[in-house]
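Please look at the sequence and the 3D structure below before reading on.

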Amino acid sequence: MTTATVTRSGTHLAVLVVLGLTHLLNDLMQSLIPAAYPILKESAGLDFVQIGMITMTFQIAGSLLQPVVGTLTDRKPMPYSPVVGMMFTLSGLVSLAYAQSYGTILVSVALIGIGSSIFHPEATRMARYAAGGRQGLAQGIFQVGGQAGGALGPIAAALIIVPWGQPSLAGFAVIALLAMLLLSWIGSRQRAISAEFAARRAKAGQGGAAPRHAPATIAVGLVVLTLLMFAKNAYGESFRSFYTFYLMERFGLSIPSAQVMLFLFLVAAAVGVLIGGIVGDRIGRQRVIWISVLGPLPLTLMLPYADLFWTGVLTVAINLIMASAFASILIYAMDLLPNRIGLIGGLFYGLNFGLGGIAAALLGVLAESYGVETVYRICAFLPLIGLLAWFLPRLEPHQGG
C-alpha cells in the first residue's frame with residue numbers, strides 16, 4: 001500500500017479504511033468470547049452468574065487501562081502502541097483456546113481486554129487526524145469496522161468453533177498477526193498526518209489552539225454522555241451475553257441458529273454506527289443522540305412479547321437505531337475536550353467496556369434468579385434514560401453541536 005488517498009476535504013480515506021479493518025480484526029477476536037459462551041458453559045460447567053463475571057472481567061480489563069493509555073499518548077503520541085496491544089490479544093486468545101478451568105478463562109479474557117485497552121486510544125486519535133473535515137464519516141468508518149468484527153464472532157462460532165471445538169480459537173491468532181502488520185503501516189503514517197491536522201487547524205484561524213469550554217459545561221456534558229452510554233451499553237450487553245440463551249430457551253433454537261440471529265443483530269449495529277456518523281455530520285450530534293437513545297423505546301417494550309419472526313425484526317431495528325449514537329457521542333466528547341483526544345478515546349471506549357461489563361454481571365444475576373426472559377422485560381425501559389439528552393450543553397455548530 002502506498003500513500004493514503006486524500007479527498008478535497010483533507011480526508012485520508014485509505015488510512016481510515018485500514019483503521020476500520022484493524023478495528024474489525026480487533027473486535028472479531030473480542031467477539032469470540034461471548035460467541036463461545038455456550039461451549040464454555042458446557043465444557044467448564046458454568047452458570048449464568050459466572051458467564052456474567054467472565055464478561056465483566058473482560059470488559060473491566062478493557063476499560064481501566066484505556067483512560068491511562070489515552071492520557072499518556074496525549075502527552076507523548078505512541079504510534080505503534082496498538083501493535084503491542086495486539087500481542088496481548090494474541091496471547092489471551094491462545095490461552096482461552098486451551099483453558100479448562102473458570103480461573104484460566106478469566107485470565108485469558110483479561111489479556112484480550114488489556115489488548116483492546118491499548119489499541120483504542122491511539123487508533124481513535126489517528127481516526128481524528130485522518131478525518132479532515134468529515135469527522136462523522138471518519139468515526140463511522142472506524143466504528144463500523146469494530147461493529148462488523150463483533151458481528152462476525154457468532155458466525156465464526158457457528159461455522160468453526162461449534163464443529164471444531166474450543167481449541168479452534170487458537171487458529172484466530174493469525175488474525176492478530178495480520179492486524180499487527182496493518183497497524184505498523186498506520187503507525188508509519190501518523191507523524192505526517194498529525195502535522196497536517198495541526199496545520200489545518202491553524203489555517204482555520206484557531207492559531208493551532210482548540211476552543212476551550214467552561215469546566216461546568218465539560219462536566220455536565222461528560223456526565224450526561226456517560227449515563228447515555230450506560231443505557232446504550234446495558235441494553236446491548238443483554239444481547240451480546242444472553243441473546244443466544246434467550247432464543248434457545250424461548251423458541252427452542254439450536255446453537256448455530258441462535259448464533260445466526262445474533263449475527264443479524266450485530267450487523268445492524270455495524271450499519272447503524274456508519275449511518276449515525278454520516279447523518280451527524282449533516283444534522284448535528286445532539287439530534288442523532290436524541291433519536292438513537294430514546295427512539296427505540298416503543299420497539300424495546302414490544303420485544304419481550306413478540307414471536308420468533310418479529311423478535312428478529314425488532315432486534316435488528318432496535319440495534320440499527322441505538323448503535324447510531326456512538327459516533328456522535330464520541331465526537332461530541334472530543335469537541336468538549338479537543339486537546340485530549342487520546343483521553344476521550346480511552347475514556348469512552350473504556351466506558352463501552354466497563355459499563356457493559358458491569359451491566360453483564362448484574363444481568364447475569366437477574367437471569368440466574370428470575371430467568372432470561374425477565375432480563376428483556378426489565379431492559380425494555382432502559383431507553384428512557386435518553387431523556388437526559390435534554391441536558392447536553394449546546395455547542396457551536398462548527399464545534400460539532
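The model is predicted.

**Surface**

A nonpolar patch on the surface is formed by Val267, Val271, Ile275, Val279, Ile283, Ile291 and Leu320. Together these residues have about 490 Å² of accessible area.

Gly133 is found in a loop, between helix 5 (102-130) and helix 6 (135-164). Its C-alpha atom is separated by 24 Å from that of Ile291, and the two residues are 158 apart along the chain.

The table compares the accessibility of two residues.

| Residue | Relative accessible area | Class |
|---|---|---|
| Gly133 | 56% | exposed |
| Leu320 | 32% | partly exposed |

Gly133 counts as exposed because its relative accessibility is 56%, and the exposed class means over 50%. Leu320, at 32%, is partly exposed, because this class lies between 20% and 50%.

The largest nonpolar core has 109 residues. Those with the most contacts inside this core are Leu19, Leu225, Tyr243, Phe348 and Tyr376. Helix 8, residues 215-251, gives the most to the core, with 14 residues.

What does Leu19 touch, leaving out residues up to four places away in sequence? Its contacts are Ala123, Met126, Ala127, Phe142 and Ile186.

Conventions. Residues are numbered from 1 along each chain as its sequence is written. This is a predicted model: local features need pLDDT of at least 70, side-chain atom pairs count only at pLDDT 80 or more; totals for chains, interfaces and linings use all residues. Side-chain values use heavy atoms; hydrogens and water are left out. Helices (H or I, at least four residues) and strands (E, at least two) are DSSP runs, numbered from the N terminus. Buried means under 20% relative accessible area, exposed over 50%, partly exposed in between (1.4 Å probe, protein chains only). Patches are made of residues with over 30% relative accessible area and no salt bridge: like charges are joined within 9 Å, nonpolar side chains (Val, Leu, Ile, Met, Phe, Trp, Tyr) within 5 Å. Accessible areas come from the Shrake-Rupley method with a 1.4 Å probe; for residues, only the protein chains shown count as cover. A salt bridge is a side-chain nitrogen of Lys or Arg within 4 Å of a carboxyl oxygen of Asp or Glu. A nonpolar core is a set of buried Ala, Val, Leu, Ile, Met, Phe, Trp, Tyr and Cys residues joined through side-chain atoms within 4.5 Å. Contact means heavy atoms within 4.5 Å.
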